[in-house]
Amino acid sequence: MVTVEDAKKVARHLVKAMDPVCVVVFGSVAKTGKGEDIDLLIVTEDKEKDLKTIDSEVHKLLKPFYEDFAIDSFVVPRVVLRKHFLQGSPFLRLVQKEGRCLYMKDSIDQWLKQAQEDIAMAECLFNNKYIT
């Protein structure tokens, strides 16, 4: 049986080795805290490496864990993730709904940036009388 703690250990290993933008666990481990395998969404920086190369590197990094449990990893560059998210990907909606973020690069900066954008949008709507 695999737990959230196992997923966190895998995420820490990935963060040290490849410095991803984000690591999200989804599936049964995210929903119930335990399961048969670990499903991970790994978001990388927008780099010149092709996806096949990045996926191969991730597979090598995860090899030490394969003896203990199965891991299904989905690796995607940030720009591709954004494109599919904006297109309404059912897979990404599922991950967003049930996933648990195990790691996010610069999480406080990201949170503050989103908050500032929300405030700017609220001010714009208020000033243009869209909010009564």
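Author: Rings of Phe, Tyr and Trp count as a pair if their centres lie within 6.5 Å. In this predicted model, that rule gives 4 aromatic pairs.

Reader: Why is the pair of Phe26 and Phe74 called tilted?

Author: Planes under 30 degrees apart count as stacked and those over 60 as edge-to-face, with the rest tilted; the ring centres of Phe26 and Phe74 are 5.8 Å apart and their planes stand at 45°, so this pair is tilted.

Reader: What makes Phe26 buried or exposed?

Author: Buried requires a relative accessible area under 20%, and Phe26, at 5%, is therefore buried. Phe74, with 37%, is partly exposed.

Reader: Why is the pair of Phe26 and Phe91 called edge-to-face?

Author: Its planes meet at 85°, with the ring centres 5.6 Å apart, so the pair is edge-to-face. This pair links strand E2, which holds Phe26, to helix H5, which holds Phe91, across 65 residues. Phe26, Phe74 and Phe91 form one aromatic cluster.

Reader: How do you know that the buried residues of H5 line one face of the helix?

Author: Leu92, Val95 and Glu98 are the buried residues of helix H5 (residues 90–98). Viewed down the axis of H5, these buried residues fall within an arc of 150°, so they line one face. Pro90, Gln96 and Lys97 are exposed on the other side of H5.

Notes
Residues numbered from 1 in each chain as written. Predicted model: local features only at pLDDT ≥ 70, side-chain atom pairs only at ≥ 80, totals over all residues. Heavy atoms only, no water. Buried < 20%, exposed > 50% of the residue type's maximum accessible area, 1.4 Å probe, protein only. Helix = DSSP H or I, 4+ residues; strand = E, 2+ residues; numbered from the N terminus. Arc of directions from axis to C-beta. Phe/Tyr/Trp six-rings, centres within 6.5 Å; stacked < 30°, edge-to-face > 60°.
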